[in-house]
Every structure is written in structure tokens, then in C-alpha cells.
Amino acid sequence: MTDITASPAGYDIHNPSITEADNLLGQYIPIHYHFQMLEDQARMTGFKAALNYLLADGGKVLDMGAGTGVLSFLAAQKATKVYSVERQADLVECANALLTENGCGDKVELVQGDARQYLPPEPVDVVVCEMLHSALLREKQLEVIESFKQRYREKFGGTLPIFIPNASILAVEPVSADFCFQGYHAPIAFFEDPGSLSTRYLSMGETKPYAILEYQADNAIELSFDGLLSINENGCFNALRFITKNILAMNLEQGSTIDWMNMNLILPIKHPIDAKAGDQFQVRFKYDAGGEISSLINAIEVIKA
Ligand SMILES: C[S@@+](CC[C@H](N)C(=O)[O-])C[C@H]1O[C@@H](n2cnc3c(N)ncnc32)[C@H](O)[C@@H]1O
């Protein structure tokens, strides 16, 4: 999804079944934010194209984290059966009504539950799961998929379904950020649209991947980087840009991929440094996928090499 779960305003104080921990851990997304996800053209066309490409006519699908049910709907255009699970009761009610209105209520079996515990009653060909957030923080994409694979193998044997996305690539780069707003200095976490990079956050050097997570393979929840970042522009090195690119599908015939990028995440470093082209910095961090943004901010270490 986009940056919406970053908003503390996302916590619904009127819904007593949602605890503060749910909100903090990015598993509660109020229904009005789903509009932004439906409107996100890059996301919607990417998932539609990936489902069209990877799902054979008559196949079976599992949609984990159904939300409004839109990915179940897209899958149902080719699938004979779509199993769907969503944790939030209000969303399940909404999605069931929308799926019926959109003519696929019979094909889609949507249940309320935790995707970390749910399994479909029969094997599926494709699993679609969009619990993606910048740097794979907050939302539980990795935890949900790792748990699913273990339980699915135990119940149905060794062959895993195809996952959409196929993979996520995480990368980091040094940035000189203007954290000044009308004279007010506020070096805090910012989101940036990867489709139109802001002049506020200037790249100062090389971009280095720190994780390539193929969802069919076994992946550790802990993500880390310990490497050198080279500077190629003079300036104040005061932030890191975290880039999250999701490979929704690989089109082998065309040698191309169907991609969707999460918002870039700009995180300030503790001690800004006047850097010169040619400088190198040892950068280290370690965090758990699904963790809070602050867990990554607090873990960042930058040392001049
Ligand atoms: C980013 S939204 C995507 C919704 C929908 N699939 C779409 O593409 O528009 C993620 C959804 O996953 C749900 N979710 C988060 N954690 C979950 C869990 N552990 N089990 C089931 N659903 C979960 C959220 O409530 C939310 O509706």
C-alpha cells in the first residue's frame, strides 16, 4: 500500500475492537484509506496485469488481506474459485457486499480471520498478498507469507503456489534532505512518491540493495545492511532513502517484469555530516519486517570510512 498507515490519525478511537497495538503494527487500515489504494493506478494496473499473466483460466486463488475485495474480484475474472481472508470485520462486511454487487459473490469465499492462521480448504495455484509497506515495515507481508508456506506444506505437501508479488527488492541510498519547513527544522520520517522524486531529497551517491526477498523461498524476518555507501556529490549527508520495489510478476517470454514500488521512505540520520564527493560511509542497520518505522530509525549507524 501507499503511506497511509504511517498516519497516527489512522487509529480509530471509536472502534473498541481495534487495539492501539493493532494500529501501531500497521494491521488496521480504516476503510476510507482503501479509496486511496483503489485509486493508485500503478498498484491497480500492476496487480491486474500480474494476475492476468500468472493465473491460468480455471485456476484457484487465495487472497490474503482482502480489504475491499478488489484483488479477489480481479482474480475471479479468470479463476473458478477465490478464497479470501481479511482480519477486519467491517472490511469483510463491506467486501462481501461489493463482491456481490460486482457479480462475483459466488466465486469468492471471504472469511474473517488472521492470514497467519488461515488456510484454504484445498490447494490453490496463486496466492496474492498486498500487505506491502515501505521497507516492508509495519504491515505483515513477510510474516504472513512465511507462516502460510509452512502450514500449506504441512497440509498439502511440497509444491507451493505462485506468489504475487514474486519478490521484493529493498535498497538504500545516501540523501541530502531539506528538513526545513517555513523556517521550522523537522528532521522526521517522510514518504516520497517514487514516480515524482522531490527536489527536497537529493541523492548523494550510490543506491545499494540490501535484501532480495523471493516469496517462494524461505526468508528471515530480520532484515539488515552492513556496507559502504559512496558519496558522489558534495553536501550535507543527513538522511537515507529506503526504496521498495515489488516484482509482481516476471514475464519470461518478453524478458520483462511487472513492478510496483511502495512510497520511498526518507529517514533522518542522527548526526548529519558535511560530505564530499569520493567519501565513503559505513552504514549499518538491522530491523524486523513488520516492525515500526522507529525501529529502523533507531538502528541506523553511519561511520565515515
Ligand atoms: C494494504 S491493504 C490491501 C487490501 C486489498 N488486498 C487491496 O489490494 O486493496 C492490506 C489488508 O490486509 C489486511 N490485513 C492486515 N493484516 C492481516 C492479517 N494478519 N490477516 C488478514 N488480513 C490482514 C488489512 O486489514 C488490509 O485490509
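Two residues are in contact when heavy atoms of theirs lie within 4.5 Å. Keep that cut-off in mind for the first stop.

The model is predicted: local features need pLDDT of at least 70 and side-chain atom pairs count only at pLDDT 80 or more, while totals for chains, interfaces and linings use all residues. Residues are numbered from 1 along each chain as its sequence is written, and side-chain values use heavy atoms, with hydrogens and water left out.

**Stop 1: the two domains**

Colour residues 4–164 as domain 1 and 167–304 as domain 2; these bounds come from an automatic or database domain assignment. Their centres, taken over C-alpha atoms, are 26 Å apart. Across the boundary, 34 residues of domain 1 are in contact with 36 residues of domain 2.

The size of an interface is often given as the accessible area lost when the parts come together. Here the two domains bury about 2,700 Å² between them, 65% of it on carbon and sulfur atoms (accessible area lost with a 1.4 Å probe, summed over both parts). Now select Tyr 53, Leu 137 and Leu 142, which supply 24% of the area that domain 1 buries against domain 2, more than any other three residues.

**Stop 2: the ligand**

- Glu 86: a polar side-chain atom is 2.6 Å from a ligand oxygen atom.
- Asp 114: a side-chain N or O atom is 2.9 Å from a ligand nitrogen atom.
- Ala 115: a backbone N or O atom is 2.8 Å from a ligand nitrogen atom.

Taken alone, the ligand exposes 590 Å², and the protein buries 100% of that (Shrake-Rupley method, 1.4 Å probe).

**Stop 3: two backbone details**

Most residues other than glycine have a negative phi, and most peptide bonds are trans. Go to Leu 136, which is not a glycine but has a positive phi of about 55°. Then select Ile 164 and Pro 165: the peptide bond between them is cis, with omega near 0°.

Conventions: Polar contact = N/O pair within 3.5 Å; in protein donor to acceptor, adjacent residues only side chain to side chain.
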